Amino acid sequence: LWQGLRVPSREINIAAIQAVERLEIEKLAAGVIALMGSDEDAVAAAAAIAVLRSHPAAPKLAGDMLKSSDPRARAIVIEGLGRKMKHHARGDITRALTDKDAKVRRAAVGALDRINDDEDTDALIATARADADGTVRARALRALTKGKRRKVIDLAARALDDDFVGAKLAAIEYLEKHGGDLGTGHLVKAAASDDLLVAIRASVALFKLGQGDGEAVIRLALKAKPWPARASAVNAIARAVPKDVARRLVISALRDRRIDVRLAAARALLALGDKRAAKHELAKALSAPEPRARLDAALDLARLGDERGKNLLAALAEHSDPKIRAAALPMQRFLDAPSRGLVRALADDSATMRLQAAEMLLEMVLEATVAGHETVLPVARQPLVLTGDIELDAVDGLGAARDELIGKRVGHRGRQAGVAGDGEVVAHGGQG
């Protein structure tokens, strides 16, 4: 993380700043504050938001970044204001709904969603109705679905004819939750849509509301040529048809030629309560030729507590293919303890992966220590050589950062990292 604050890379600087902010590592605050003077507006914006309530110059810098020519900088500030200032920054957030860049408008909708106040309903309605970007319209509709806002059933009904499928799906979600009897009629219309994704989602909503099942739609989608439509149908089976019908359809889907559909069928078995059969089908996918399928199956098994899945997840984090390592890295979070591959990722060729690994390791060690558990970390076999004049062993760096986090969050000092036998490092915990 210290290295990420120092390298001359906009994206890495931003990622490091935001990781330090999330983990609240005070010893790296000076590095974050220094980046408030970056020539890259997005970096300066991220730094200002990170220390918004602790540095006197941060609020003014954040305000200045709202006028930046870089939309990334403006979006970072709006997201941060919604997260940290909430309704106190309503004026700036609402003005951002008319920003010329869609990512800034999405950030503004997200900020208003977080504020969750009916006072912003009119602004969200206008955005859902007229924004030029489909993702922004969909995001606004979802914001209107949450909280205690006044109903906008007519708006949701019109959104079923939106040319962006995400907006249609958001409208179905709204009608399911708030539509009542009037909404049911609109959902019936959506269930007859030529767009199978829309029809499937509407059928799920109708089944949940006790207004019929979606067997006809599901059967039609299972015959579709594009495999994503078939997979979507399988994912919806348990929520769209009675259990006896669902099981027959799932068994049929297990014979699909596409591994993604078969994996969806295994998960559907789990949703139907057949854990044993689901684990059997997932285990078969562990030997699939497609690396992504093996990874997905391993993740599902790991989440079920199956050691076969955990072992494969750990192994794929050390795969020779950097794309597979990158896909496996976030999934290490589902293991009981940090894997050797996660520790080795601190020295990966990819700076992004190094940062992800650092943040994940700190989170895992912190959570285990706060819970009073002993965390065993596999030792990296080579030192981590950072830029500048600092060279740290991987474990020493983890120990120092862990102590900083624990000292800040639970007020317990005196933790120490010691080398155990057979090349392992033990983070000794205690009562917080």
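Which residues does I49 touch, not counting residues up to four places away in sequence? I will come back to that in a moment, after a word on what we are looking at. This is a predicted model, in which local features need pLDDT of at least 70 and side-chain atom pairs count only at pLDDT 80 or more, while totals for chains, interfaces and linings use all residues. Residues are numbered from 1 along each chain as its sequence is written, and side-chain values use heavy atoms, with hydrogens and water left out.

To begin with the chain as a whole, there are 25 helices and five strands, where helices (H or I, at least four residues) and strands (E, at least two) are DSSP runs numbered from the N terminus. Of the 432 residues in the chain, 51% are buried, and here buried means under 20% relative accessible area, exposed means over 50%, and partly exposed is in between, with a 1.4 Å probe and protein chains only. Among contacts with a separation of 6 or more, 55% come from residues 24 or more positions apart, a contact being heavy atoms within 4.5 Å.

Now to the opening question: I49 touches E21, A62, I76, V77, G80, L81, R83 and K84, with residues up to four places away in sequence not counted. I49 lies in helix α4 and is buried, with a relative accessible area of 1%.

Next, the nonpolar cores, each a set of buried Ala, Val, Leu, Ile, Met, Phe, Trp, Tyr and Cys residues joined through side-chain atoms within 4.5 Å. The largest has 89 residues, and L1, L5, I17, V32, L144 and I172 are those with the most contacts inside it. Helix α4 (residues 41-50) gives the most to this core, with nine residues. Apart from it lies another core, of 29 residues, including V204 and L269. As for I172, its contacts beyond four places in sequence are L160, L187, A190, V198, R201, A202 and A205.

Turning to helix packing, the axes of α2 (residues 10-23) and α6 (residues 71-84) come within 14 Å and cross at roughly 5°; axes here are lines fitted to C-alpha atoms, for helices over the stretch in contact, with angles from 0 to 180 degrees between N-to-C directions. The two helices are therefore roughly parallel to each other, given that angles under 35 degrees count as roughly parallel, over 145 as roughly antiparallel, 65 to 115 as roughly perpendicular and the rest as oblique. R10, E11, I14 and E21 of α2 make this contact with R72, I76, R83 and K84 of α6.

Helix α7 holds I93, which at 0% relative accessibility counts as buried. Leaving aside neighbours within four places in sequence, I93 is in contact with I78, L81, G82, K86, A108, A111, L112 and I115.

One of those partners, K86, deserves a look of its own. Most residues other than glycine have a negative phi. K86, however, has a positive phi, near 50°; it sits in the loop between α6 and α7 (90-95) and is partly exposed, with a relative accessible area of 36%. N116 also has a positive phi, near 55°, and is found in the loop between α8 (102-115) and α9 (121-130), where N116 is partly exposed at 40% relative accessible area.
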